[in-house]
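Student: I am new to this structure and would like to go through how its parts pack. Could we take it step by step?

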Amino acid sequence: MTEADPLVDLARRAIIGYVRDGRVVDAEDLHSSEPRRAGVFVSLHLPDGSLRGCIGTTECTRGGLAEEIIGNAICAATRDPRFYPLTERELDQLDISVDVLGPAEEVQGLQDLNPKVYGLILETDDGRRALLLPDLDGVETAEQQLQITARKGGIDPQRDSYRIFRFEVQRHH
C-alpha cells in the first residue's frame, strides 16, 4: 500500500473535521515539510468522477500552504456556490485532489498554451478574471481551454480585451 500524500491527507482531515464537528484542524504538522506559500485549489469528486466541489486561490491568501489547503478544502466542501454543502455521509466516498499553483506568467497567445501542462487565467481590462486548471478531462486543445475559461468568467473573447496567463501545478491525489 502506498503512503498517503500529506497534502491530500490534510485536506481530507480539514473536510472531515469541519463537516462532522464544525472545527478547523491545526495546520502545524505540515509546516516543517511544506513551508512555502502558494495558491491552492482543492477539488472534490464523487466515485463516478463527477465534480462535487472545487475552490481555490491563485496566490497564497493565508499564513502558508497548510492554511491555504485547510481553508480551500473547507470552502470546496461547504461553500462552492454550484453545490449544496457536503454531508457527513458523503465523506467516505470523496476523491480529493490538491493542486499547488506555480507562478502565473503572461503569454502572447494560444501558441504558448498546452491544456495538458498549463492552467489558464484570463484577465480583462475591467478586472474580470477566470481560471481553468490544467489536464482536465474533455479539454484537449488550447482553443477549448480558452473558450471554457472565458465562459466561466463571462468574458467574450471576440469583444473583450484580455490578457492570458499560464501556470503549472503540482497535482496531489
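Tutor: A crossing of two helices is called left-handed if the near helix is turned anticlockwise from the far one by less than a right angle, and right-handed if clockwise. Keep in mind that this is a predicted model.

Student: Is the crossing of α1 and α3 left-handed or right-handed?

Tutor: Helix α1 covers residues 6-21 and helix α3 covers residues 65-78. They pack with their axes 8 Å apart, at an angle of about 50°. The two helices are therefore oblique to each other. The crossing of α1 and α3 is right-handed.

Student: How many nonpolar residues does the contact of α1 with α3 have?

Tutor: On the α1 side the contact includes L7, L10 and Y18, and on the α3 side it includes I69, I70 and T78. By class, there are no charged residues and 1 polar residue in this contact. The count of nonpolar residues is 13.

Student: Which strands stand at the edges of the open sheet?

Tutor: The sheet has 4 strands, paired antiparallel, in the order β2-β1-β3-β8. An edge strand here has a single partner strand, so one side of it is left without a neighbour in the sheet. The strands at the edges are β2 (51-56) and β8 (169-172).

Student: What is the bridge partner of V98 in β8?

Tutor: Strand β3, residues 95-101, runs antiparallel to β8, and 4 bridges join them. In β8, the partner of V98 is H172.

Student: Which strands does α3 touch where it packs on the sheet?

Tutor: The direction of α3 makes about 35° with that of β1. The strands touched by α3 are β1, β2 and β3.

Notes
Residues numbered from 1 in each chain as written. Predicted model: local features only at pLDDT ≥ 70, side-chain atom pairs only at ≥ 80, totals over all residues. Heavy atoms only, no water. Axes fitted to C-alpha atoms, helices over the stretch in contact; angles between N-to-C directions. Parallel < 35°, antiparallel > 145°, perpendicular 65-115°, else oblique. Contact = heavy atoms within 4.5 Å. Nonpolar A, V, L, I, M, F, W, Y, C, P; charged D, E, K, R; others polar. Pairing = 2+ DSSP bridges.
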